[in-house]
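Have the coordinates open and work along.

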Amino acid sequence: MKTDREILELRALGKKEEALRAIVESYSERLYFLIRRFGLPHDDADDILQDIYIKVWSSLDSFRGDSGLYTWLYRIANNEVLSNLRKARVKAFLGGERLENRLNNVIDEDPGFNGTKLQRELQKAINTLPPKQKQVFIFRYFDELPYEDISRITGTSVGSLKASYHHAYTKICEILENNF
Amino acid sequence: MRKENNILDRPEMKANPFTAPEGYFEDLGERMVAAALPEEPKAAPARRLAPYFAYAASLVFLAVIGTFLLRTFTPGYDRTDEALAYNDAVEYLIFTGTSLEEISSTME
């Protein structure tokens, strides 16, 4: 596995394909589980991962490097996930269902979900959050990213992110404490 | 915002509860790279067949010219279809997109 610096050196040397391979090798697992945290099933995560790397390949030349590589990758991933969730919301709506219910079913029916009952309820509580709160909660709570990095990933101001995180955190605590 | 003994402070809460299907990550790298890289450019069928079109076009062209000469220098020959045959050849060349360079190269 290569460091971000080594990956960027490969790109600087014009070894774009090698740089892509190194990114795929270093980041796939993190990105896959990040996508799953948004409540999406395995097959969707696999599709989104492919879309992410297609975008990475097409924009690797224009990556300026003024933000970290992981921030840039997370920004692409975040955009892809939110776009996918928007489509899923519309599909659920047309099917006369709420997206939240569909995502909850994904967790209940997922044979690969190995969490405790409390973790299951946490994931379902995350499913109730609006997209902006959901993204900041996932990046801050699970990945413990600094607000400045989340701001670069989401394109939202630090102040707004802090407010969203506060709302998300409080709401999730309330849901969980009512159930346990 | 935070209460003491907050439920979200429990260590288990941040652990990853998701797993991927067995072996998923083993071939993931190659699959993802293959999906991301653009396909090798394949010549379009019309482009691949262009040389054959050029040969066919030049044969038609020669046949038309030959017929035209034969008809011109054969006394009493009926010339009614002459213009039609020529126009057909021209239309054929335009339809196939055969360039003048391609025609001339096949006639050399």
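## Exercises on the A–B interface

**Exercise 1.** Find how many salt bridges there are between chain A and chain B, then look at one of them.

*Solution.* Start with the count between chain A and chain B, which is three salt bridges; a salt bridge is a side-chain nitrogen of Lys or Arg within 4 Å of a carboxyl oxygen of Asp or Glu. Next, take one pair: A:Arg21 and B:Glu30 join their side chains in a salt bridge, at 2.8 Å from N to O. Before going on, note that this is a predicted model in which local features need pLDDT of at least 70, side-chain atom pairs count only at pLDDT 80 or more, and totals for chains, interfaces and linings use all residues. Side-chain values use heavy atoms, with hydrogens and water left out, residues are numbered from 1 along each chain as its sequence is written, and chains are lettered from A and ligands numbered from 1 in the order in which they are written.

**Exercise 2.** Work out which element gives the largest share of the side of chain A that touches chain B.

*Solution.* First list the elements of chain A that give two or more residues to this side: helix H2 (16-37), helix H3 (42-59), helix H6 (117-127), H7 and helix H9 (158-179). (Helices, H or I, at least four residues, are DSSP runs numbered from the N terminus.) Then pick the largest share: H2(A), with ten residues.

**Exercise 3.** Locate A:Glu144 and describe its phi.

*Solution.* Go to the loop between helix H7 (131-142) and helix H8 (147-154) of chain A, where A:Glu144 is found. Then read its phi: near 55 degrees, a positive value in a residue other than glycine.
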